Amino acid sequence: MSGIINSAGSKSGVIGTTELDYEEGTHTVVHAQTDGTSFAMNSGYQTLSYTKIGRVVHCTGYLVINTITGSPSHTKFTLPFTCASGNEHQGSQNAMTYGVDYGGDGVSIYVGPSQKYCQCISSRDDASYLHVSAAAGDEYAISITYYTND
Amino acid sequence: MKLNKIEVVTDFKHLQIREITDSGGYHRRVLAPDDDVSGEVQEIKDKAEELWTDEVKSAWTTFQAEQRAEMEAE
């Protein structure tokens with residue numbers, strides 16, 4: 001494909017003969033805990049960069065949890081866009097972690113339908129997955145792609 | 001940051017906020033019906049007041065509970 005992506009405004013434009021909404025930007029991550037706990041991010045490591053092409057959003061960034069309030073049973077980070085509804089839009093991708101205590105075979109970042117956050121999940125061989133509890137000092141290198149709404 | 005656009009998405013009336021940073025780039029975030037908007041600019045407060053009816057809030061709470069139950073059950 002070739003074409004023009006405007007340099008001004010929303011950067012919406014045309015690629016070939018298809019009109020696409022193209023946008024780049026950042027998102028400041030905060031906790032999205034739903035168990036009554038919370039955590040604060042390290043201000044130097046709480047930004048995701050995103051690129052949105054049509055309905056597809058791709059985010060990358062390195063996140064570090066600074067302090068914890070309560071005893072979190074899971075870890076949820078906000079996202080720049082809400083995931084579209086419907087099971088066909090769910091998705092997950094692996095994350096590189098440092099200092100994260102998990103009981104499974106690695107950590108995946110999962111985005112569920114109609115959610116504005118992603119959550120950290122640890123898969124296990126031939127068993128149910130585990131929620132990854134948040135702890136001070138946890139580090140995540142995140143790269144995730146998902147579908148949003150129009 | 002300066003508010004640039006408010007998009008309303010999903011059946012639960014999430015407010016997708018686009019802002020312009022001091023450097024001219026875009027910044028995005030999402031507000032859900034259970035979020036506190038007291039610290040937001042008036043335009044966002046008005047939109048939340050208009051769209052986040054008790055019915056919408058209730059539906060969102062129910063959906064969240066269903067999602068949690070589904071995740072815990074697996």
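Is Lys52(A) buried or exposed, and what is its relative accessible area? Lys52(A) is buried, with a relative accessible area of 3%, where buried stands for under 20% relative accessible area, exposed for over 50% and partly exposed for what lies in between (1.4 Å probe, protein chains only). The views below come from a predicted model, in which local features need pLDDT of at least 70 and side-chain atom pairs count only at pLDDT 80 or more, while totals for chains, interfaces and linings use all residues. Residues are numbered from 1 along each chain as its sequence is written, chains are lettered from A and ligands numbered from 1 in the order in which they are written, and side-chain values use heavy atoms, with hydrogens and water left out.

**View 1. Chain A as a whole, with 0 helices and 13 strands.** Helices (H or I, at least four residues) and strands (E, at least two) are DSSP runs, numbered from the N terminus. Of the 150 residues of chain A, 45% count as buried. Contact means heavy atoms within 4.5 Å, and among the contacts in chain A between residues at least 6 apart in sequence, 62% join residues at least 24 apart.

**View 2. Strand β10 of chain A and the two strands with which it pairs.** All 5 of the 5 residues of β10(A), residues 107–111, are buried, so this strand is largely enclosed by the rest of the structure. Both of its faces are covered, with Val107(A), Ile109(A) and Val111(A) buried on one side and Ser108(A) and Tyr110(A) buried on the other. Two strands pair if DSSP finds at least two bridges between them; β10(A) pairs in the antiparallel sense with β9(A), residues 91–98, over 5 bridges, and in the antiparallel sense with β11(A), residues 117–124, over 5 bridges. Gly91(A) stands opposite Val111(A) of β10(A), whereas Tyr110(A) has Gln119(A) in β11(A) as its bridge partner. The hairpin formed by β10(A) and β11(A) has 5 residues between the strands, and Ser114(A) in this turn has a positive phi of about 60 degrees.

**View 3. Gly99(A) in the loop between β9 and β10 of chain A.** With a relative accessibility of 59%, Gly99(A) counts as exposed. Although Gly99(A) and Glu139(A) are 40 residues apart in sequence, their C-alpha atoms are 6.4 Å apart in space.

**View 4. The salt bridge between Asp21(A) and Lys52(A).** A salt bridge is a side-chain nitrogen of Lys or Arg within 4 Å of a carboxyl oxygen of Asp or Glu, and the closest N and O atoms of Asp21(A) and Lys52(A) are 2.8 Å apart. Asp21(A) lies in the loop between β3 (18–20) and β4 of chain A and Lys52(A) in β6(A), residues 47–53, so the pair ties together parts that are 31 residues apart in sequence. Asp21(A) is partly exposed, with a relative accessible area of 27%.

**View 5. The interface of chain A and chain B, where 27 residues of chain A are in contact with 23 residues of chain B.** Buried area is the accessible area (1.4 Å probe) that two parts lose on being put together, summed over both; between these chains it is about 2100 Å², of which carbon and sulfur atoms give 47%. On the side of chain A, Ser114(A), Lys116(A) and Tyr129(A) lose the most area to chain B, together 24% of what that side buries. The interface holds 3 salt bridges. In one of these, Lys116(A) meets Asp35(B) with the closest N and O atoms 2.5 Å apart. Lys116(A) is buried, with a relative accessible area of 12%, whereas Asp35(B) is partly exposed at 25%.

**View 6. The salt bridge between Glu7(B) and Arg28(B).** The side chains of Glu7(B) and Arg28(B) meet at 2.8 Å, N to O. This pair links distant parts of the chain, with Glu7(B) in β1(B), residues 2–9, and Arg28(B) in β3(B), 21 residues apart. Glu7(B) counts as buried at 17% relative accessibility, and Arg28(B) is buried with a relative accessible area of 1%. Salt bridges that share partners join Glu23(A), Lys5(B), Glu7(B), Arg18(B) and Arg28(B) into one network.
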